[in-house]
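Hello,

I am handing over the structure below, followed by notes on what was found in it. Please read the notes with the structure open beside them.

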Amino acid sequence: MARVLFAPETFNLGETTRGIEVARAMRADGHDIRFSGYSERFSGEVTRAGFELDLLEPALDDTDADRLIAVDQGRSVRHPFTVEMLRRRVASELDLIADWAPDVVVIGSTFSTIISARAAGVPLVYVKPYAMSRGHLTAMTHFPVLAGAGTLVEVTNAVAGRAIRGAAARMSWLPKAFRVVAREHGVRLPETTVEALDGDLNLIASLPPLLDPLPLGPKDEVVGPIHARSEGELPAAVHARAAGDRPLVYVGMGSSANRALARRVLAEVSSLDVAVVSTVGRYLTAEDRAELPDHVHVVDHLPAHQLAGLIDASVVHGGEGTVQTACASGAPFAGIGLQAEQRWNVREAERSGHAVGFTARGLRRGALPGIVTRLLEDPLLRERAREVAERVANLDGAAVAAERIEALVADRRGG
């Protein structure tokens, strides 16, 4: 039995649920599991799954979480990681590691833990998407800085891809706070940025490398898709709409959207003769909800993986977990990538033939109803969506990830 500390950034829903799914698989194998985090935003997902959670200091409030999301989406370069903040985070993590003595630490984009785990000498596993991984960056031919289609978009993104590929192999930049705090703890970070942000083992939890083998980094292993499989039942209202005469469309915007986007997408989709079920409730006010038509059912959360076989199409933001859930549903989807990684996810699904991308500009111009109609009526899209669902039906990325982590612990103990 191993002690496994999961330390996702708990303001990120996809990252948190990926950790939960791997933790469930490891708990089933008898291992001792504990979580840590800094944000309360999605910490309830951890405790509802029955895991112990330590919320560490300094707490990450919603303002700082939103700033980090803005950086991730390329809308800002300002992040909250000052030297003092990072110093306090690393100290909190080291205290927890010293107190609980985990055999391994499993992270998402929790970069402070890259310092603390190395300072404590604990193996570090990073569960991550393929997009923006070391293998992707150093072999990149296309980087979707621009959304949409057309010659200008393709040329710009191809140029950006070549530029990033060249820079990734030699870039050595890290924020000052990381360099300072690492030095204070005697941690010598690798020379290049992509190496510094690696774990001892990186588990690539994405579908594309399985459907079509892609270049990997030296510490990368593909485990396959890992998306939320939340406990609980679908609301009766969802089943009622699925049993009705109208097609059922799911709308999910993950944790990186906003109220304006959620309202606009709901308005465009609900203008069609369809029933809608959506998890964008966290973005809406009580007044927003009161204005929704009867054929739209909005909640904050539901076990979206149970929608497979019930929905006829999805409209999603492009996040890794949401796209994986859409792929497993057997229904085609439309995706609006809110940042480069999400645009890459949607583009790969488009290339596979079971998705259609759209942009914020297209949304403003009223393109979404036509796209959803195509999802519902295009036989090629629908057939390809069913084929992809069949291919992923027996994949269990969480179980494979658990096996890889167990093997790492066993190897370290044997050494």
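The chain holds 19 helices and 13 strands (helices are DSSP runs of H or I of at least four residues, strands are DSSP runs of E of at least two, and both are numbered from the N terminus). Its radius of gyration is 21 Å, close to the 22 Å that the globule rule gives for 415 residues, so the chain is as compact as a globular protein of that length (the radius is taken over C-alpha atoms, and the rule is 2.2 Å times the number of residues to the power 0.38). The C-alpha trace spans about 60 × 45 × 40 Å along its principal axes.

This is a predicted model, in which local features need pLDDT of at least 70 and side-chain atom pairs count only at pLDDT 80 or more, while totals for chains, interfaces and linings use all residues. Residues are numbered from 1 along each chain as its sequence is written, and side-chain values use heavy atoms, with hydrogens and water left out.

The seven-stranded sheet

Seven strands form an open sheet with parallel pairing, in the order β3-β2-β1-β4-β5-β6-β7 (two strands pair if DSSP finds at least two bridges between them). At its edges are β3 (53-55) and β7 (220-222), each of which pairs on one side only. Neighbouring strands of this sheet are turned by 25° against each other on average, direction ignored (axes are lines fitted to C-alpha atoms, for helices over the stretch in contact, and angles run from 0 to 180 degrees between N-to-C directions).

Within the sheet, β1 (residues 3-7) and β4 (residues 104-107) pair in the parallel sense over four bridges. A7 has I107 in β4 as its bridge partner.

Helix α1 (residues 13-28) packs on this sheet and touches β1, β2 (32-37) and β5 (124-128) (contact means heavy atoms within 4.5 Å). The direction of α1 makes about 165° with that of β2. Helix α4 (residues 83-100) also packs on the sheet, touching β1, β2, β3 and β4, and its direction makes about 165° with that of β2.

Helix contacts

The axes of α4 and α8 (residues 176-184) come within 9 Å and cross at roughly 45°. The two helices are therefore oblique to each other (angles under 35 degrees count as roughly parallel, over 145 as roughly antiparallel, 65 to 115 as roughly perpendicular and the rest as oblique). On the α4 side the contact involves V83, L86, R87 and V90, which meet A177, F178, V180, V181 and E184 in α8. By class, this contact has seven nonpolar, no polar and two charged residues (Ala, Val, Leu, Ile, Met, Phe, Trp, Tyr, Cys and Pro count as nonpolar, Asp, Glu, Lys and Arg as charged, and the others, Gly among them, as polar).

Helix α1 packs against α19 (residues 397-414) at an angle of about 65°, with the axes 8 Å apart. That makes α1 roughly perpendicular to α19. Their crossing is right-handed. E21, V22, A25 and M26 in α1 meet A398, A399, A401, A402, I405 and E406 in α19. The classes in the contact of α1 with α19 are eight nonpolar, no polar and two charged residues.

The six-stranded sheet

Six strands form an open sheet in the order β10-β9-β8-β11-β12-β13, with parallel pairing. Its edge strands, β10 (296-298) and β13 (355-357), each pair on one side only. The twist from one strand to the next averages 20°. Strands β11 (residues 313-316) and β12 (residues 333-335) pair in the parallel sense over three bridges, and V315 stands opposite A334 in β12.

Two backbone details

The peptide bond from E57 to P58 is cis, with omega near 0°. P58 sits in the loop between β3 and α3 (62-72). A101, in the loop between α4 and β4, has a positive phi of about 55° although it is not a glycine.

Regards

How values were computed: Left-handed = near helix turned anticlockwise from the far one by under 90°.
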